[in-house]
Amino acid sequence: FFEALDLNVSDMWTFFRLLDKDGGHIIEIEEFLEGCLRYKGSAKALDLAKLMMDHKWMQTKQLKFMAFVENELMKVRRDVKATASFK
């Protein structure tokens, strides 16, 4: 089936993660068909889609980390001010 679409799918897990647009861990028939047609052709399209998905995942993780660090720094600032007011 994949060969007929000229789809080089060497990493099935990544391919199915790319197809699962809504993140529900279930691939609906529409997601499957649209994904197969979207990534039809060279492996470059599939590689680029994986890169974009990985980038989005890393960006989300980085934003969460930045919010955590900012929150922790605000706590440190508050503690330093409280300590300074005791002197």
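F65 is found in helix α3, which spans residues 43-85; helices are DSSP runs of H or I with at least four residues, numbered from the N terminus. The model is predicted, so local features need pLDDT of at least 70 and side-chain atom pairs count only at pLDDT 80 or more, whereas totals for chains, interfaces and linings use all residues. Residues are numbered from 1 along each chain as its sequence is written, and side-chain values use heavy atoms, with hydrogens and water left out.

F65 has a relative accessibility of 53% and therefore counts as exposed (buried is under 20% relative accessible area, exposed over 50%, partly exposed in between; 1.4 Å probe, protein chains only). Together with L63, M66 and F68, F65 forms a nonpolar surface patch with about 440 Å² of accessible area. Such areas come from the Shrake-Rupley method with a 1.4 Å probe. Patches are made of residues with over 30% relative accessible area and no salt bridge, nonpolar side chains (Val, Leu, Ile, Met, Phe, Trp, Tyr) being joined within 5 Å and like charges within 9 Å.

The structure holds two salt bridges, defined by a side-chain nitrogen of Lys or Arg within 4 Å of a carboxyl oxygen of Asp or Glu. In one of them, E72 and K75 meet at 3.3 Å, N to O. These residues are three apart in helix α3 and hence separated by about one helical turn. E72, at 30% relative accessibility, counts as partly exposed, as does K75 at 33%. The side chains of R78 and D79 also meet in a salt bridge, at 4.0 Å, N to O. R78 is exposed at 52% relative accessibility, while D79 is partly exposed at 44%.

A search of the whole structure finds one aromatic pair. F16 and F32 are stacked, at 6.5 Å centre to centre with 15 degrees between the planes (rings of Phe, Tyr and Trp, the last by its six-membered ring, pair if their centres lie within 6.5 Å; planes under 30 degrees apart count as stacked, over 60 as edge-to-face and the rest as tilted). F16 lies in helix α1 (residues 12-19) and F32 in helix α2 (residues 29-38), so the pair ties together parts 16 residues apart in sequence. F16 is partly exposed at 29% relative accessibility, whereas F32 is buried at 17%.

Note on methods. Helix = DSSP H or I, 4+ residues; strand = E, 2+ residues; numbered from the N terminus.
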